[in-house]
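Let's take a friendly walk through this model, going from its overall division to its details. Have a look at the sequence and structure first.

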Amino acid sequence: MQPLIELKGVSRAFGGLKAVDGLDAVIRPGEVVGLVGPNGSGKTTALNLITGNLKADSGRIVFDGRPIERMPAHLITRAGIARTFQLVRVMASMTIAENVAVGAMFGADPCPPGEAMERALPYVVRVGLGGRMEQPAGSLTYIDQKRLELARALAAQPRLLLLDEWLAGLNPTELEDGIALIRSLSGSGITIVMVEHVMDAIRALCSRCIVMNAGRKIAEGTPAEALSDPQVVRAYLGDDDA
Ligand code: ADP
Ligand code: MG
């Protein structure tokens, strides 16, 4: 099957620091792939390179057969890639409905504001914020802002959804709901790459995971295989403990 997205030797440095260093990855349609690794290993930077929030210094990113590594972020969104942010970014003074409508207006099937407001509703309901459409986003708790961000991403009707620690900070009940929600999104045909530290969620959801350390891919395989790889264990524990 043709990959939905492929990264070939993608690199990005900040000054002398190679945040992402020659990353190769293939994601096939319908997969839920975990992107894991210790803090600072380059996971968020990798997502930013895919979405065009950052530009790669070198390497290629091919989405659905098209090179996107030079494409501006808004066109990448329109091509069918949406994401949530590790540090949530909602438009605080706008309502929940308006925030989600923005996703629809600038997504894969752009539409005018009025129609976008109508399209927003099912996504708001789906993430559990139904009935609160008129509330300003800034008044939401952190967890509800994360829900809102997911609704906005979904309203863009992505084929590829990138989640950056979307489950972080949830209590056990919320975590179960969150896992069920991601599973249902996958069931509806969205391909998902999730950066996540909650390993139970990775095991529950991902057929495959990619492990990064210091900007490089150090392991790949089923969660059971990849997470028990000696290099991965060493990366998490630090060399001194290995
Ligand atoms: P992760 O998401 O795996 O924790 P990041 O991709 O956020 O890692 O960061 C990888 C490395 O790049 C870290 O050392 C981080 O400090 C650095 N980094 C990330 N973004 C920037 C930036 N905008 N400017 C400078 N350094 C950055
Ligand atoms: Mg990160």
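Where contact means heavy atoms within 4.5 Å, 19 residues from domain 1 and 16 residues from domain 2 take part.

Before going further, a word on conventions. This is a predicted model, in which local features need pLDDT of at least 70 and side-chain atom pairs count only at pLDDT 80 or more, while totals for chains, interfaces and linings use all residues. Residues are numbered from 1 along each chain as its sequence is written, chains are lettered from A and ligands numbered from 1 in the order in which they are written, and side-chain values use heavy atoms, with hydrogens and water left out.

How much area do domain 1 and domain 2 bury between them? The figure is about 1,300 Å², with 65% of it on carbon and sulfur atoms; buried area is the accessible area (1.4 Å probe) that two parts lose on being put together, summed over both. On the domain 1 side, Arg78, Trp166 and Leu181 supply 36% of the area buried against domain 2, more than any other three residues.

Between the two domains there are 0 salt bridges, a salt bridge being a side-chain nitrogen of Lys or Arg within 4 Å of a carboxyl oxygen of Asp or Glu.

Now turn to ligand 1. The residues around it, each with a heavy atom within 4 Å, include Phe14, Pro38, Gly42, Lys43 and Thr44. A polar side-chain atom of Lys43 sits 2.7 Å from an oxygen atom of ligand 1, and a polar backbone atom of Gly42 is 3.0 Å from an oxygen atom of the ligand.

Finally, the structure as a whole holds 12 salt bridges. One of them joins Asp21 and Arg216, with the closest N and O atoms 3.2 Å apart.

Note on methods
Polar contact = N/O pair within 3.5 Å; in protein donor to acceptor, adjacent residues only side chain to side chain.
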